[in-house]
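Please have the sequence and the structure open while reading.

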Amino acid sequence: MSGSIERIYALVMRHVWIWRSSIMRLVDSIYWPAVQMVMWGFMTQYLLPQASFVAQAAGVLLSGLLLWEVVVRGNLSLSIAFLEEMWSRNLGHLFVSPIRSWEMATGIIIAALLRTLLGLIPVSLMAWAFFGYNIYSLGLPLVAFFAILQMFSWSIGLAMSGMIMRVGQSAESFAWAAVFILMPVSGVYYPVSVLPHWLQVISWGLPPAYVFEGMRAILAEQTVHWDMLAIAFGLSVVYLVIGFQIFQWFFRASRRAGTLLGQGE
């Protein structure tokens with residue numbers, strides 16, 4: 001087990017050194033969430049004087065934006081961590097070493113978590129400084145929201161990384177698009193109840209729907225629905241296991257096909 005920890009640590013530190021040598025890789029993690037936050041922040045500033053429900057929904061919009069970026073950044077950070085190995089033609093070298101596929105998956109998950117935190121913490125502080133909105137006022141449930149959304153994003157990232165490993169870099173676009181396909185049924189900016197019934201069924205099968213409904217309940221009613229968070233956590237664990245199994249399946253298929261050594265730009 002100590003050998004596995006050392007190998008995972010080495011994989012994580014490889015990505016940390018890549019970030020240190022190219023600060024633009026980290027700037028990208030902050031830039032897009034910051035642009036989104038500023039755009040929606042000024043929109044809510046415009047709506048505040050209006051005498052309507054929307055005028056009271058600034059916190060809902062900014063919270064939805066910041067929490068959705070947890071999903072987006074988590075997925076993209078993991079996918080990029082994997083693609084870094086392909087772009088540098090390092091994938092084949094890794095797998096002829098003692099590193100196992102689950103150790104690589106763990107390493108890129110940790111690297112993705114660090115990159116997500118490095119990107120979103122400054123953006124959350126910008127929301128506080130620019131618009132006076134403190135997402136940390138959500139309290140302890142915010143930790144649960146973050147953990148649930150991160151696990152769900154990792155499940156997507158692992159599945160997409162496995163597909164890219166098997167199919168090749170022609171499938172890269174799926175890594176960027178996969179999360180956004182789910183956005184309309186995740187209830188980010190509106191309740192799940194506004195969706196058609198058949199879409200509600202799909203929505204309630206996804207962890208983000210419970211998170212965003214729970215977030216709105218805290219902001220509107222000061223009520224924490226722990227039962228919804230428990231369901232969302234359970235679903236995220238299931239999706240993470242499925243995502244890891246898909247990654248493993250594609251890895252074995254790539255090894256049988258002999259395509260691992262040919263990956264890269």
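## Helices α6 and α7

The crossing of α6 and α7 is right-handed. The model behind this report is predicted. Helix α7 covers residues 172-182, and its axis comes within 9 Å of that of α6, at a crossing angle of roughly 150 degrees. Angles over 145 degrees count as roughly antiparallel, so α6 is roughly antiparallel to α7.

On the α6 side, the contact is made by F152, I156, M160, M163 and I164. On the α7 side, E172, F174, A175, A178, V179 and L182 take part. By class, the contact has ten nonpolar residues, one charged residue and no polar ones.

An α-helix has 3.6 residues a turn, so residues three or four places apart point the same way.

## Helix α6 on its own

Helix α6 runs over residues 140-167, which is 28 residues. From first C-alpha to last, α6 reaches 41 Å. That is close to the 40 Å expected at 1.5 Å a residue.

How many of the 28 residues of α6 are buried? The count is 21, and α6 is mostly covered. G168 follows α6 and has a positive phi, near 110 degrees.

## Helices α5 and α10

Helix α5 spans residues 101-131 and helix α10 spans residues 226-257. The two pack at an angle of about 130 degrees, and their axes are 10 Å apart. That angle makes α5 oblique to α10. The crossing of α5 past α10 is right-handed.

Helix α5 brings S101, W102 and A105 to the contact. Helix α10 brings F244, F247, Q248 and F251. The classes are five nonpolar, two polar and no charged residues.

## Helix α10 and Q248

The buried residues of α10 include M228, L229, A232, S236, L240 and G243. Also buried in α10 are F247, Q248, F250, F251, A253 and S254.

Q248 lies in α10. Is Q248 buried or exposed? Its relative accessibility is 13%, so Q248 counts as buried. Leaving aside neighbours within four places in sequence, Q248 is in contact with S101 and W102. S101 and W102 are among the α5 residues that make the contact with α10.

## I110 in α5

I110 lies in helix α5. I110 counts as partly exposed because its relative accessibility is 33%. Which residues does I110 touch, not counting those up to four places away in sequence? I110 touches I8 and V12.

I110 and H15 are 95 residues apart in sequence. In space, their C-alpha atoms are 10.0 Å apart.

Q222 sits in the loop between α9 (207-221) and α10. Its phi is positive, about 55 degrees, although Q222 is not a glycine. Most residues other than glycine have a negative phi.

Q222 is exposed, with a relative accessible area of 62%. The cut-off for exposed is over 50%.

Notes
Residues numbered from 1 in each chain as written. Predicted model: local features only at pLDDT ≥ 70, side-chain atom pairs only at ≥ 80, totals over all residues. Heavy atoms only, no water. Axes fitted to C-alpha atoms, helices over the stretch in contact; angles between N-to-C directions. Helix = DSSP H or I, 4+ residues; strand = E, 2+ residues; numbered from the N terminus. Parallel < 35°, antiparallel > 145°, perpendicular 65-115°, else oblique. Left-handed = near helix turned anticlockwise from the far one by under 90°. Contact = heavy atoms within 4.5 Å. Nonpolar A, V, L, I, M, F, W, Y, C, P; charged D, E, K, R; others polar. Expected span 1.5 Å × (residues − 1). Buried < 20%, exposed > 50% of the residue type's maximum accessible area, 1.4 Å probe, protein only.
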